[in-house]
Amino acid sequence: MIDRPTAPWWTSAVVYQVYPRSFADSTGDGIGDLVGITSRLDHLQRLGVDVVWLSPIYLSPQADNGYDISDYQAVDPVFGTLEDFDRLLAQVHERGMRLVMDLVVNHTSDEHPWFVESRSGKDNPKRDWYWWRPAREPFTAGEPGAEPTNWESFFSGPTWTLDETTGEYYLHLFDRKQPDLNWENPEVRAAVHEMMRWWLDRGVDGFRMDVINFISKHPELRDGPTTGTGGLGNGFAQFATGPRVHEFLQEMRREVFAGRTGNFLTVGEMPGVTWEDARLFTDPARGEVDMVFQFEHVSLDHGPGGKFDPKPLDLRDLKASLGRWQTALGETGWNSLYWNNHDQPRVVSRFGDGSRESATALATVLHLHRGTPYVYQGEELGMTNAPFAGVDDLRDVESLNHFHRAVEAGQDPEAVLTALRAMGRDNARTPVQWTADHEAGFTDGTPWIAVNPNHTWLNAAAQYDDPHSVFHHYRRLIELRHTRPVVAVGDFTMLLADHPHVYAFERRLDDVRLLVVANLHGTEQTVDLAPEWAGATAVLSNTAGHDVDASRAILQPWAALVLELTGGQS
Ligand code: NOJ
């Protein structure tokens, strides 16, 4: 079990994700860039975070905002230069923080020279670097098409595109501009390892690994159950957490990190990962990754039709899910903790009611679990979903593809838009709201996606001097993790599991106990506490609206309270 005094540094660390396109623009072209990020590092230092995770800044046609890479060792001119990157890295280090790169190696861009070569002919030495298959034979009437499998892409439509040059199909789990690399080929793995070493030699402190549990596919590539749109199938069981994924990650750890000294962080994004698998991936003895991003808790409000068919969250489901992960990775392995990232709608709109109180209550709950918390840019301000008026306001390839396919299939455009407003990824991608001024202080020009109109009151400048702001609440939570070992490595016990509106748990380390009680609802709640908490010290609260007597806590809407008992107290 990870415990003092051997706990790795990242158990008491907090990671901050920067999505460069939307963070800060220094040139006036409306797109955020590296110089812009460097100019805002004071904000991160003030918040107190330990690590910056930088979403992709590599050369890219930007079909998926940089998650489609055409050169892993070059910076896209839209974000600046390699020199700008080196300056950012130096500044991050100078401030005592670390910098983790996004590693997108399940796929490349179709404009990557590897793929350009691969598609040029069946005999090309790089042909086998990607997944090429002939048309399905014999073609049977009633099947969705001649594609080698029936899988539906994450971005709508089939996962296979016919390439006229050779008359074969290539696999792309995401957009057609994101062909999947064939990790079965050792040359592919060696090329990725070499590229990773190049970044580590440059001084970076680790990697966030994009959909890394998709790198091992079942080589037979069988059809999946036809649950997708238009008769397409779900190929998940064929490409997620495949037979060689652990082997590939262990090899990567050996080839890239062995013999290096330093404090590195690796986190694998793993859609659909189970806690059983996560325990294997994060068991330090196995040498794979330090932690994974799992998706169970951010799928609880998906309806029968998936993420664009949302349903209200039942808090009991959330507690059961996160509680299960706390237990599963309590003895072996480690959790990452997140509400938000560049793919998720804003939590304050999704699980909260948009208010400061709900932003801070949700933050309190998340940050005081056992695991490493991730803050996504703007979350620390309580930034909300955006009021997209119509499809022209959307930019995300996933949302646009979904809109067009759903409308073509006969769905009501307004109903599709309603779902996209609630769940679409563009909600996370509106510019960071620095000030109440022109374009929220993000750019001097016109932003690539509209700034949320609520920046006139919801912005960083307005929060710095307000001790009750969301920003200062996040700052205090981060400080608690840094200063209280019970937050970092204490064990976790869920309380009130069946309560529909109150999220409560206890953390314990030796003779220190922390009680976290949060009302995640818009009505007052009263809960019974064990009597000893009457004498406890309140270490954090997001509102004056709570009252604890010998046996009960009366919690105002969205009130969150953290109590501490130490050895001397009963
Ligand atoms: C997961 C990333 O987080 C997402 O933004 C991206 O679209 C897909 N992987 C494909 O790279």
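Charge first: the chain carries 49 positive and 82 negative side chains, and the centres of the two sets sit 3 Å apart. Lys and Arg count as positive, Asp and Glu as negative, with His and the chain ends not counted; each charge is placed at NZ of Lys, CZ of Arg, CG of Asp or CD of Glu. Keep in mind that this is a predicted model, where local features need pLDDT of at least 70, side-chain atom pairs count only at pLDDT 80 or more, and totals for chains, interfaces and linings use all residues. Residues are numbered from 1 along each chain as its sequence is written, and side-chain values use heavy atoms, leaving out hydrogens and water.

**Overall build**
- The C-alpha trace spans about 75 × 55 × 45 Å along its principal axes.
- With 570 residues, a compact globule would have a radius of gyration near 25 Å, and the chain's 24 Å agrees (taken over C-alpha atoms; the rule is 2.2 Å times the number of residues to the power 0.38).
- Some 59% of the 570 residues count as buried (under 20% relative accessible area, 1.4 Å probe, protein chains only).

**Leucine 520**
- You'll find leucine 520 in the loop between β18 (512-519) and β19 (525-528); strands are DSSP runs of E, at least two residues, numbered from the N terminus.
- Leucine 520 counts as buried because its relative accessibility is 9%.
- Leaving aside residues up to four places away in sequence, leucine 520 touches Leu315, Ala361, Leu362, Val365, His501, Tyr503 and Trp558 (contact means heavy atoms within 4.5 Å).
- Histidine 302 is 218 residues away along the chain, with 19 Å between its C-alpha atom and that of leucine 520.

Methods. Buried means under 20% relative accessible area, exposed over 50%, partly exposed in between (1.4 Å probe, protein chains only). Helices (H or I, at least four residues) and strands (E, at least two) are DSSP runs, numbered from the N terminus.
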